[in-house]
Amino acid sequence: MGSGRCRRLLVVLGVLVVLVVLVPAARGDCGPLPQLPGAEPPEDSKDQQSFPIGSKITYRCVQGFAKLPSKSDTTQCLENALWSVLPEFCDRSCFSPPRVSFAKVSAEDEIKNFYAVNVTVSYVCNPGYKNSTDELPTSTCHENLTWSEVPELCERETCGPPKNPEHGTVVTTDYLFGSKADVICDDGYELAPGPSFIRCYLHKDGVAWTPLPTCQRIQDVSPLASTSTVGTTAVTDAPKSLEEKTSEYRYILPLIIIPCIIGIVVIVIWTIKKCGVKQKGTYKPNPTNAGDEEQGPSCQERKTGP
Ligand SMILES: *[C@@H]1O[C@H](CO)[C@@H](O)[C@H](O)[C@H]1NC(C)=O
Ligand SMILES: *[C@@H]1O[C@H](CO)[C@@H](O)[C@H](O)[C@H]1NC(C)=O
Ligand SMILES: *[C@@H]1O[C@H](CO)[C@@H](O)[C@H](O)[C@H]1NC(C)=O
């Protein structure tokens with residue numbers, strides 16, 4: 001009797017153990033998602049109470065935090081109906097380092113997307129700029145997740161004093177990268193077609209002035225001469241005569257007068273059209289008067305019908 005009762009007790013105990021072990025697995029789901037510091041699950045699964053086995057949930061870092069590289073951000077509901085352990089993967093991080101005109105973040109720091117407090121990133125001078133000291137600019141992520149100001153340790157490279165063109169002068173006091181200088185020709189000379197200035201620009205490994213414009217002797221601009229300039233260069237040494245000046249006006253005057261005439265004609269046509277329209281009285285600004293038009297009466301009929 002005593003051993004029978006003991007055996008029954010053991011069976012009951014065994015069944016209880018089996019139930020305790022099997023029930024959660026039989027239910028086949030994981031409970032609510034674990035809380036992780038600095039991270040949050042997607043909005044749609046935040047308040048969900050159960051998840052089927054095999055569910056994968058990817059967390060994201062909250063504001064001011066960023067994902068630590070090489071750490072996982074995804075947890076999975078395992079066969080035993082428990083969430084896989086997810087170590088902390090979000091930590092306080094600055095945003096991307098500040099952008100400045102004179103330098104860019106070094107390649108090795110640029111590719112990072114996690115910048116912890118006290119981390120320092122280095123910069124390299126942009127093309128057209130060179131380091132003014134032995135140091136290169138850096139910036140550090142502060143405790144309050146802002147970056148320290150990037151010191152302006154890169155200065156614009158210089159193209160040096162530009163040469164003057166023959167029969168002309170370059171007007172400038174600024175020889176630095178990006179500067180622009182006008183070219184003025186001596187009396188009796190004019191700029192050849194093309195730009196009237198030079199610019200200190202990026203060239204090969206450094207900077208250089210763009211090619212100098214040429215100053216050429218002012219020629220008689222009669223149609224005949226202009227078609228045969230190559231053959232007749234520097235035939236006359238005479239300074240610009242009154243006749244040459246008036247010949248310039250021959251071309252300038254039609255350029256002014258013709259657009260004026262076209263303009264007046266357009267205005268006259270437009271005025272006639274506008275006045276004609278007004279006389280007909282088809283356009284009335286008051287919308288309640290819209291019924292005055294030909295199609296008006298049919299609209300009113302439909303309204304008053306029922
Ligand atoms: C950053 O550096 C400061 C000064 O060296 C130190 O007091 C602070 O604990 C550091 N903060 C972190 C998060 O390492
Ligand atoms: C700029 O940096 C280079 C290399 O780091 C260094 O050799 C050079 O002396 C620096 N220039 C100045 C003006 O300090
Ligand atoms: C952040 O901290 C730095 C250094 O402590 C300070 O210079 C800066 O003004 C702070 N910025 C803000 C926005 O609080």
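C159 touches Y175, C200, V207, A208 and W209, leaving aside residues up to four places away in sequence, where contact means that the C-beta atoms, placed from the backbone, lie within 7 Å. This is a predicted model, in which local features need pLDDT of at least 70 and side-chain atom pairs count only at pLDDT 80 or more, whereas totals for chains, interfaces and linings use all residues. Residues are numbered from 1 along each chain as its sequence is written, while chains are lettered from A and ligands numbered from 1 in the order in which they are written.

C159 also belongs to the largest nonpolar core, whose seven residues include F177, V183 and I198; such a core is a set of buried Ala, Val, Leu, Ile, Met, Phe, Trp, Tyr and Cys residues joined through C-beta atoms within 7 Å, and buried means that 20 or more other C-beta atoms lie within 10 Å of the residue's own. Strand 17 and strand 18 each supply at least two residues of this core. Apart from it lies another core, of six residues, among them V105, V121, Y123 and Y129.

Four strands form an open antiparallel sheet in the order 14-15-17-18, with strands being DSSP runs of E of at least two residues, numbered from the N terminus, and pairing requiring at least two DSSP bridges between two strands. Strands 14 and 18 are the edges, each pairing on one side only. Strand 17 and strand 18 pair over four bridges, and H203 has G206 in strand 18 as its bridge partner.

| Edge strand | Residues |
|---|---|
| Strand 14 | 168–171 |
| Strand 18 | 206–209 |

Notes: Buried ≥ 20, exposed ≤ 12 C-beta atoms within 10 Å, placed from the backbone. Contact = placed C-beta atoms within 7 Å.
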